[in-house]
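Dear colleague,

Please find the structure below, followed by some notes on what turned up in it. I would be glad if you read them alongside the coordinates.

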Amino acid sequence: MPVHRPGSVHPRRPMLAGLLLAALSLALAVPAVPASAADTPARGSAHMGMGVAAHDGTGGTPSSADATQTEGVDVSGYQGNVAWSTLWSSGVRWAYTKATEGTYYTNPYFAQQYNGSYNVGMIRGAYHFATPDTTSGATQANYFVDHGGGWSKDGKTLPGVLDIEWNPYGAACYGKSASSMVSWIADFLNTYKARTGRDAVIYTATSWWTDCTGNYGGFAGANPLWIARYASTVGTLPAGWGYYTMWQYTSSGPTVGDHDKFNGALDRVVALANG
């Protein structure tokens, strides 16, 4: 049996020291993943209103007693196949489906969602999630129209929507100045109208619009406003718009989370569809 004498090195200590040194070297060699990178969603997974609660918070829901409001929903690929008959039975009469994002994504569930809502009797349309840092507004408008964002005067098809909101993949305003953002939006809207004959709806939140466009009011005369605010009232609207056409008021509704109010009775929804 070996005897350990005072002042001598224990035979196991060099081994332990070596293991500790190797572990420390490995830890230093492998860079830590920044929390922001780990939290960044995959490209294509963005959907209408995904940044609203985080930036603007939540504060109740509107009164259900207002007969002049018509219930709607908005859906995207993350909801998969949607139970449209259940939504119809609950009183939902119009719907929007995400068609595209940037110029790199099309919704794999678009046909089931877009056609399924139509087949149960809803008036429906398509929306585009804008990524102004990837390609021009005109390029994205063309991509949108070519992949489900068109329009036809059949009384059941709503004009396309430009979903312009917080960037889930990076800087909130996509690295653009207010004037550059306004130019990008104008490029999209002008191209969409040239392709379809209709003015696109603008979906946004007042706080984002104020921060990222400088609260520009020049689109209000032609483009209907779809405001995002998860509260009992719509609050202050972006500059120029005296009223909203649609209001996304919650992301935690029944059957499908994203529920909306159309500012008018069903005949006004039909009027928007017909142009």
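How many disulfides does a search of the whole structure find? The search finds one, where a disulfide is taken as a pair of cysteine sulfur atoms within 2.5 Å. Before the details, please note that this is a predicted model, in which local features need pLDDT of at least 70 and side-chain atom pairs count only at pLDDT 80 or more, while totals for chains, interfaces and linings use all residues. Residues are numbered from 1 along each chain as its sequence is written, and side-chain values use heavy atoms, with hydrogens and water left out.

The disulfide joins Cys173 to Cys212, with an S to S distance of 1.9 Å. Cys173 lies in the loop between strand E6 (161-163) and helix H7 (178-196), and Cys212 in helix H8 (residues 206-213), so the pair ties together parts that are 39 residues apart in sequence; helices (H or I, at least four residues) and strands (E, at least two) are DSSP runs, numbered from the N terminus. The torsion about the S-S bond is about -75 degrees, and the disulfide is therefore left-handed. Both cysteines are buried, Cys173 with a relative accessible area of 18% and Cys212 with one of 1% (buried means under 20%, exposed over 50%, partly exposed in between, with a 1.4 Å probe and protein chains only).

Asn215 is placed in the loop between H8 and strand E8 (225-228), and at 28% relative accessibility this residue counts as partly exposed. Leaving aside residues up to four places away in sequence, Asn215 touches Trp209, Thr210, Pro238 and Ala239, contact meaning heavy atoms within 4.5 Å.

Best regards
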